[in-house]
Amino acid sequence: PLLQEWYAADMWQLLCCCVLMSRVSSWETKHRCISSFFATYPTPSSFMEEVITSGKEVALRVLINSLGLFDDRLKSLVGITTAFLLPCEGADAFSVDLKANKIRGIGEFGWHSWLIFCRDM
């Protein structure tokens, strides 16, 4: 199965999964790191509290360092979590696209995954 299928029931997890698996060829490395990430941060609130608010990036680095591009992935995970928990002024629901609701780190792959697995499109 596609890794996205494991996380399709949760929009935040699906988008984080896409960011974490991007530009990594080894299925085993992706699966190990993504599973560890969600075991440690099962919800956007837990990621917000532990990493964004408390600044405990070292534990995150240990979990996902073997994926590479840590700084970019961190910025993208922060962008997803912030957009998910603190939607833009006037927005009545969390949404993703590549223009008005662009989230850092979510490109074509993440957007199409969100449409397919979260919006049934």
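Which residue forms a salt bridge with Arg 61, and how many Å apart are the closest N and O atoms? The partner of Arg 61 is Asp 71, and the closest N and O atoms of this salt bridge are 3.8 Å apart. The model is a predicted one, and a search of the whole structure finds 2 salt bridges.

**Salt bridge between Lys 56 and Glu 50**
- The side chains of Lys 56 and Glu 50 also meet in a salt bridge, with an N to O distance of 3.8 Å.
- Lys 56 counts as partly exposed at 46% relative accessibility, and Glu 50 is partly exposed with a relative accessible area of 30%.

- Tyr 7 belongs to helix α1, which covers residues 3-7, and Tyr 7 counts as buried because its relative accessibility is 10%, where buried means under 20%.
- When neighbours within four places in sequence are left aside, Tyr 7 is in contact with Gln 13, Leu 14 and Cys 17, and also with Ile 34, Ser 35 and Phe 38.
- From C-alpha to C-alpha, Tyr 7 and Cys 18 are 9.7 Å apart in space, while in sequence they are 11 residues apart.

Definitions and conventions. Residues numbered from 1 in each chain as written. Predicted model: local features only at pLDDT ≥ 70, side-chain atom pairs only at ≥ 80, totals over all residues. Heavy atoms only, no water. Helix = DSSP H or I, 4+ residues; strand = E, 2+ residues; numbered from the N terminus. Buried < 20%, exposed > 50% of the residue type's maximum accessible area, 1.4 Å probe, protein only. Contact = heavy atoms within 4.5 Å. Salt bridge = Lys/Arg side-chain N within 4 Å of Asp/Glu carboxyl O.
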